[in-house]
Every structure is written in structure tokens, then in C-alpha cells.
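This report describes selected features of one protein model. Please consult the sequence and the structure shown below while reading.

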Amino acid sequence: MRGFARRSTVAETLAWLDGQARRLPEETVPLAEAAGRVLARDATSPVDVPHFVRAMMDGFAVRAADTLGASPYNRLALQVIGESLPGRPFVGRVGSGQAVRIMTGAPLPDGADAVLPAELTEPATEPGRALAVGEVSPEKHLGRIGEDIAAGAAVLLAGRVLRPQDVGVLSSIGMARVPVIRRPRVRIVVTGDELLAAGSLPRADACKIPDANGPMLVALVARDGGLPQHPCIVPDRPEAVLDAMRTEADVVLVSGGSSVGAEDHAPALLARHGRLAIHGIAMRPSSPTGMGVLEGRLVFLLPGNPVSCLAAYDFFAGRAIRVHGGRSPDWPYRRVRAPLARKVASMVGRLDYLRVRLVEGRVEPLSIGGASLLSSTSRADGFVLIPPDSEGYPPGAEVEVYLYDV
């Protein structure tokens, strides 16, 4: 590739990257803010859940022996001595021939050993009594102590991305603050004097285009658990680019100016003020990608062409952000296997990132080139990787598709 002394392979690049990316320290957050965060340590329950025996049905707390033989043809009378409600237990003891009206979730009174469901009773003509028309065995319709979670059990393991139901479990064991991995701060440096602010309507008589990479990278960083910082577009001036790269952050993404042209300042700045470890990768698109270290933080030089920017982020920057945040380094994409609808050609020695659609169970190739055509990724259902030792695939070859919808 013209202008690059050597192109690193994708495998070499990932090996270097995996040697640099490290999990960030932990912090604690309120329970209400824990969903979506990565658990830093195993969550162990200090209590049994539930910590008392409770009713699992509405009915009557009874001694099971007092219901033996009860049927619609042999109604057995029970003396109702009170009620037990959730949060308001019955104070007293159930004796022989007695019952306590009980609601689901309420504590089982002392002396009772089962719940007789309401549908197995009938009201008695005499006040304060109920008739059993069915029988129950001991411990029937009860929630036992520790039935959900036993004291001392590890309920969630470190490294888990907490889901809403997980937060509920943590609440049930009394965890008001949760130890999580600190989210990586990611400074997004979008350069280019030709760029308008994201979402701007370009004028027909001007040669400027709206920034597409900035909002795309913000969304990707957030997806991967990072905290994106993208205050503005940075002018194509070395001092402005360097100043932005030095922003306090854990990872810096520079979009644009990553190649070897006269206005491509980022590689020279990184080489001069830090370490430019990789520049030029044997892949298409995204071959001008670079990366290194500046003042202790990882810096990724992403191409300005949007598809190249997306691919370079997914292959390299996203991986580092996920590792920093305690997540799996692997792509978050689902994978399916399906046959190719037609032939695709590739060049030995480079990895190709082929955008594809799934049409009636077959993989329809869209594009390998066209690095500036971001809409090709919106039309695509996902992508297929053609390894560097392959010249492509014939029609009908089964390939693995990475689906953009996570």
C-alpha cells in the first residue's frame, strides 16, 4: 500500500492491542444506577431469601392434620382466629382445629404447617368459622426459608453485565450500593475543515458535508459501555488536534487525518509526542488505521471514510473499550451461518469486510469497497469476513454472518 512502510496483519494488530488493554478499577454506584454496568465482584447474599416461611396462595393457615378427610361431602369446621397479611403478620399461635386467614406473601403463623387454598373452603353459617372441603399435606403451598436464595450463596458473578432483573435480585439481598467496573471515558476527536455539525443540512453551493462519524462513534462507544465525549469538530491544525488528543480520557478516537497525506496530522503527532505502534493494516476497508499510546492512554487513528471508520472501530477500538470496562472483548453481534447467493472475490494477503444482506435464507453480497458509502451498512443486515489466506468464496459456500442488530 503506497505511503506505508509496512501493513500489519489484523492478527498482529489484535495481539498488540490485547497486550495494552486492561480492565479499569472498580467504583460503587447506587443500586438504581447499576443496570447495564459490569459487576466488579461476586455478589454474595448475607441473608436467606425469603427469610421467613410465607404463603404462596390466598386461603387459610392451618395444621394439615386438621384437614385430613375433608371433601365436599365431608366438610370439616375450622375456627378462624385472625388474619395474616403481607407486612402485617398474625400475632399468636394456631392450635388444633384453628385457622388464620392468610394472603399470598404473608408470614405463616406459628403452629400452622400448610395453607389451605381459599377454593378448598366454604363459608360457614356460624360467624368466625370456615369449612374445609379439601385436604392439604404438611408444607403445602408454602415458600420456604432460603427457597430463592440461600445465605452465603454467590447470586451473581463478577464480570456480569447487570440486567434489570439482576438489579432486582441485588435489592432482594439488601445491596444498596453495587461494586462495578468504572466506565471508560472515550474522547472522540473528529477532524476535518470540510465538516458541518452533525445533522446540519448541506448547502448545494458549498463543499461541506455533515459529520457522520461523530454521532456514529458516540453510539458505538455507548453500546460498548464507554462514556463518549464529543464536544465539537476539531480544525485540521496540528496544535488543535494534539490538544484534543490530550483531553483527560482513558481512550482517544481520532476520526479523519489518519493516513499519510499532507493534512493527515494525527499519525505524526502520535509518533512525536507518544508512541505510534501500528499504522497501516492489511484489511479492506480501514487500511489507513493506526494506534498507539499517548500519555498513558490508548489512541486509535480511525479513517475518515465512514465505513472504514465503522470497521476500524469494531475491529480494534471497540474491543479495547469493552476490555477497559470489564466486558468480553468479543463482538456483541449475533452470528448465523448461511450459503452465499453468488461468488465473492478477494485478494490474498488482506482481510476483507464484506457487507451483506440475508435474502430468503441466502447471503447476498453488497460491497467490500465503497468506504465512503455509509448507507451500505444501513442496507446491510451484517457482514462477512474473508480471511487473508482466501481468494474469496464460490456461490453456495456456507459463510458466517455477523448481524448488525445486537
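## Strand β29 and its partners

Strand β23 (residues 335–339) and strand β29 (residues 398–403) run antiparallel and are joined by 5 bridges. Within this pairing, R335 has Y402 of β29 as its bridge partner. Strand β27 (residues 382–386) also runs antiparallel to β29, to which 2 bridges join it; here G382 is partnered by L403. Strands are DSSP runs of E with at least two residues, helices are runs of H or I with at least four residues, and both are numbered from the N terminus. Two strands count as paired if DSSP finds at least two bridges between them.

The model is predicted, so local features need pLDDT of at least 70 and side-chain atom pairs count only at pLDDT 80 or more, whereas totals for chains, interfaces and linings use all residues. Residues are numbered from 1 along each chain as its sequence is written, and side-chain values use heavy atoms, with hydrogens and water left out.

## Aromatic residues

The whole structure contains 11 aromatic pairs, where rings of Phe, Tyr and Trp (its six-membered ring) pair if their centres lie within 6.5 Å; planes under 30 degrees apart are stacked, those over 60 edge-to-face and the rest tilted. The pair of W331 and Y402 is edge-to-face, because the ring centres are 4.9 Å apart and the planes stand at 75°. Since W331 lies in the loop between α6 and β23 and Y402 in strand β29, this pair ties together parts that are 71 residues apart in sequence.

Both W331 and Y402 are buried (under 20% relative accessible area with a 1.4 Å probe, protein chains only; exposed is over 50%, and partly exposed lies in between). One aromatic cluster is formed by F315, F316, W331, Y333, Y353, F383, Y402 and Y404.

## Residue H324

H324 belongs to helix α6 (residues 306–324). Its relative accessibility is 7%, so H324 counts as buried. A polar atom of the H324 side chain lies 2.6 Å from the backbone oxygen of R22.

With neighbours within four places in sequence left aside, the residues in contact with H324 (heavy atoms within 4.5 Å) include A21, R22, R23, L24, I181 and D250.

## An open sheet of six strands

An open sheet of 6 strands has the order β7-β4-β6-β5-β9-β8, with mixed pairing. β7 (114–117) and β8 (121–123) stand at the edges with a single partner strand each, so one side of each has no neighbour in the sheet.

β8 pairs with strand β9 (residues 129–132) in the antiparallel sense over 3 bridges, and T121 stands opposite A132 in β9.

Definitions and conventions:
Polar contact = N/O pair within 3.5 Å; in protein donor to acceptor, adjacent residues only side chain to side chain.
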